[in-house]
Amino acid sequence: EKGGWSSFMAKEVSEQPDAVANTIRGRIHDGAVAVPELTAFGDDALAAIRRITIIGCGTAAYAGIVAKYAIEKWAGIPVEVELSHEFRYRDPVITDDTLVISISQSGETMDTLMAVKFAGERGAKTLSICNTQGATIPRESDAVIYTHAGPEVAVASTKAFVAQITALYLFGLHLARVRASLSAEEIAVELHELEGIPEKLATVLRTGEIIRQLAHWMSDTRAVLFLGRHVGFPVALEGALKLKELAYIHAEGFAAGELKHGPIALIEPGQPVFVIVPSPRHSALLHAKVVSNIQEIRARGARIIAIAEQGDAAVLPFADEVIPIPLAAPLFEPILAVVPLQIFAMELATAKGLDVDQPRNLAKSVTVE
Ligand code: M6R
């Protein structure tokens, strides 16, 4: 079933171009989003939504943080992202113009299921983003957008993550249409960008060998930090989670702007830090801020591994390694930038002789609270 791959995870990482392409397939017509599942709400009800709460656990929650940036920008609606188990055990403000979007690959995660029921009971509209046909969470929700990533067997979520972002982006652009917050032309531009992602993912996968070597050199590393800004921040969180769960290495993801509020104290000579560098073409300011963060930690001896746009010359003098990703619009960069981090964690775990498909203490689907 692994089709010649050394692990399910290796196979699933390689399937990411298809995971995105299949999640898009049939859902874009004439430069507009066509997701029939969303008719369950009706355009008027969707246009009347005043706030969105996204819930999920682990990797699914990080896909939610990425989507928050996109949905707020495109649809102009406040979006908050909360871990399912935190959401459920407090008194969140839920009104009938609140949409609660749950994200779950398995559709069976108990924490998320209970949070969806809780939201529904309090009158929220509920939308599920799910990869498993007929699972419990979509059945408990008012509507579902299935991701078509195909079955994900490895405990570490990879292709489901990129498919979740894809589905949420389709939703965000649909919402932008019903709310008229973007013009038809603007929506078509974003959708065109999304349609180009599978090919760019295939390009990123070809950098696997550089990352494999890096992981082998770093196999005795004890701690790794990940930094990102804007949509690079949830990518940093996801890179750290992958490394913890697969390689059992202490790893933390930070928003780069937080450095001087504490984490920079962790930097000592030789400390490896992955930095997700935003494209200089879209926001020179954001890019310059991240390059300046790199300089700050480099001056304290950090070993920098930059995930940067192909041809970004500004990072070269300060980075020990640069892993190039193809040019993409800013909101689409996470789908590409996460892949080297997945491969790094997988290869480092392999170098340590660990089982990448079934890490210790973890289950693929957490069906207990
Ligand atoms: O099936 P779900 O998407 O609801 O699972 C959520 C998390 O348990 C899951 O993403 C977990 O964090 C992964 N092991 C991460 O790789």
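## Lining of the largest pocket

Eight nonpolar, nine polar and five charged residues make up the lining of the largest pocket. In this classification Ala, Val, Leu, Ile, Met, Phe, Trp, Tyr, Cys and Pro are nonpolar, Asp, Glu, Lys and Arg are charged, and the others, Gly among them, are polar. The model is predicted: local features need pLDDT of at least 70 and side-chain atom pairs count only at pLDDT 80 or more, while totals for chains, interfaces and linings use all residues. Residues are numbered from 1 along each chain as its sequence is written, and side-chain values use heavy atoms, with hydrogens and water left out.

A pocket is an open set of points on a 1 Å grid over the protein atoms alone, with protein on both sides within 12 Å along at least five of seven lines; its lining residues have an atom within 4 Å of a point. Of the 22 residues that line the largest pocket, C57, G58, T59, K364 and V366 lie nearest its centre. Two or more lining residues come from each of α4, β5 (98–104), α6 (110–121) and α12, and α12 gives the most, with three. Helices (H or I, at least four residues) and strands (E, at least two) are DSSP runs, numbered from the N terminus. The space in this pocket is about 530 Å³, a volume being the space filled by probe spheres set on the points, which are joined across faces, edges and corners.

## The ligand and its shell

The largest pocket holds the ligand, in the sense that more than half of the ligand's atoms lie within 2 Å of the pocket's grid points. The ligand has 14 residues around it, and S104, Q105, S106, T109 and E245 come nearest; a residue is near if one of its heavy atoms lies within 4 Å. This shell has five nonpolar, seven polar and two charged residues.

An oxygen atom of the ligand lies 2.6 Å from a polar side-chain atom of S104. A polar backbone atom of Q105 is 2.6 Å from an oxygen atom of the ligand, and a polar backbone atom of V155 is 3.1 Å from a nitrogen atom of the ligand. The protein buries 90% of the 410 Å² that the ligand exposes when taken alone, by the Shrake-Rupley method with a 1.4 Å probe.

## The second largest pocket

The second largest pocket has a volume of about 280 Å³. Among its 13 lining residues, W5, A10, I343, M346 and E347 lie nearest the centre. Two or more come from each of α1 (8–14) and α14 (333–351), with α14 giving the largest share, four residues. Seven nonpolar, five polar and one charged residue form this lining.

Definitions and conventions
Polar contact = N/O pair within 3.5 Å; in protein donor to acceptor, adjacent residues only side chain to side chain. 1 Å grid on protein atoms, 1.4 Å probe; cavity = no way out; pocket = protein on both sides within 12 Å on 5 of 7 lines; lining within 4 Å.
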